[in-house]
Amino acid sequence: MTQDKLIKELVRDGYLKSPSIIEAFKKINRADFVPESEGEMAYYNIPLPIGYNQTISQPLTVAFTLELLEPKKGEKILDIGAGSGWQTALLSELVGEEGKVIAIERIPELKNMAEKNVGKYGFAKKGIAEIILGDGSKGYPEEAPYDKIVAAAYVKKIPACWKEQLKIGGRIVAPVGEQMTVLDKTGPDKFEQKQYFAFLFVPLIEGEVGDKSS
Ligand code: SAH
């Protein structure tokens with residue numbers, strides 16, 4: 001399997017559509033975000049273990065999520081659940097030098113992994129990406145408001161604080177249970193919601209940073 005083949009499959013199956021997102025998938029090499037032991041598996045359309053009971057998301061899930069999120073140049077995006085940093089790097093490529101991606105991760109070792117992997121592309125140095133250790137269930141008010149908020153772990157319900165930290169005209173894309181949910185903020189307290197078919201995600205854990213008990 002090669003990166004080229006994976007991208008062609010995702011286009012053929014309708015997961016990848018936008019030229020800018022296809023271009024980002026070409027520029028950001030998934031092999032840079034998987035552990036060395038998984039290297040040859042990087043271009044398979046499957047999630048892969050990254051340690052600490054977590055996975056780098058399946059390519060089709062990330063493609064589907066980004067197509068719904070519609071990231072644009074210059075936007076400020078909150079990326080909840082940085083994990084390997086792959087989606088953070090794709091988002092950084094999409095928002096470009098005028099944009100900002102704040103990625104939040106609760107497991108210290110994965111926060112460091114994301115930082116190292118995203119660092120391969122110089123996005124932090126250019127001031128585009130920032131990886132924060134914290135509990136994303138609270139959002140990240142310090143940098144709010146955001147144009148977009150995206151989550152890579154499922155929630156039972158979209159937290160009210162995510163909605164508050166979103167700009168009017170902004171969009172949240174998050175798995176709610178098994179349904180991918182798109183929430184558009186159309187007024188100070190007005191939202192429009194759409195739901196898409198089922199995906200499997202790990203749960204978003206609330207509480208202490210680095211607590212590995214759950
Ligand atoms: N986009 C990442 C997905 C990683 S899986 C990738 O492709 O690598 C989801 C991640 O969400 C895991 O790393 C997990 O530790 C993290 N996570 C779960 N609950 C969280 C929370 N409350 N705050 C921040 N990160 C969380």
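Modeller: Here goes, and keep in mind that this is a predicted model. Around the ligand there are 23 residues, and the nearest are Ser84, Glu105, Asp135, Gly136 and Ile205.

Colleague: Which backbone atoms come up against the ligand at Ser57 and Ile205?

Modeller: For Ser57, a backbone N or O atom is 3.0 Å from a ligand oxygen. For Ile205, a polar backbone atom is 2.7 Å from a ligand nitrogen. As for cover, the ligand taken alone exposes 580 Å², and the protein buries 99% of that.

Colleague: Which pocket does the ligand take up?

Modeller: The largest pocket is the space that the ligand takes.

Colleague: What is the make-up of the shell around the ligand by class?

Modeller: Ten nonpolar, ten polar and three charged residues. Strands β2 (54-56) and β4 (100-105) each supply at least two residues of that shell. The largest share comes from β2, with three residues.

Colleague: How do you know that helix α3 is mostly covered?

Modeller: Count the buried residues: in α3 (residues 59-69), eleven of the eleven are buried. Among them are Pro59, Thr61, Phe64 and Glu67. After α3 comes Glu70, which has a positive phi, near 50 degrees.

Colleague: Why is Ser137 called buried?

Modeller: Buried means under 20% relative accessible area. Ser137 has 8% relative accessibility, so it counts as buried. Ser137 is in the loop between β5 (129-133) and β6 (146-151). The side chain of Ser137 also makes a polar contact of 2.8 Å with the side chain of Asp135, and Asp135 is one of the residues that come nearest to the ligand.

Colleague: And why does Gln165 count as buried?

Modeller: The relative accessible area of Gln165 is 7%. That is under 20%, the cut-off for the label, so Gln165 is buried. Gln165 is in the loop between α6 (160-164) and β7 (166-176).

Colleague: How far is Gln165 from Lys194, C-alpha to C-alpha?

Modeller: The C-alpha atoms are separated by 19 Å, and the two residues are 29 residues apart along the chain.

Note on methods
Residues numbered from 1 in each chain as written. Predicted model: local features only at pLDDT ≥ 70, side-chain atom pairs only at ≥ 80, totals over all residues. Heavy atoms only, no water. Near = heavy atom within 4 Å. Polar contact = N/O pair within 3.5 Å; in protein donor to acceptor, adjacent residues only side chain to side chain. Areas by Shrake-Rupley, 256 points an atom, 1.4 Å probe, with all protein chains shown as cover. 1 Å grid on protein atoms, 1.4 Å probe; cavity = no way out; pocket = protein on both sides within 12 Å on 5 of 7 lines; lining within 4 Å. Sits in = over half its atoms within 2 Å of the grid points. Helix = DSSP H or I, 4+ residues; strand = E, 2+ residues; numbered from the N terminus. Nonpolar A, V, L, I, M, F, W, Y, C, P; charged D, E, K, R; others polar. Buried < 20%, exposed > 50% of the residue type's maximum accessible area, 1.4 Å probe, protein only.
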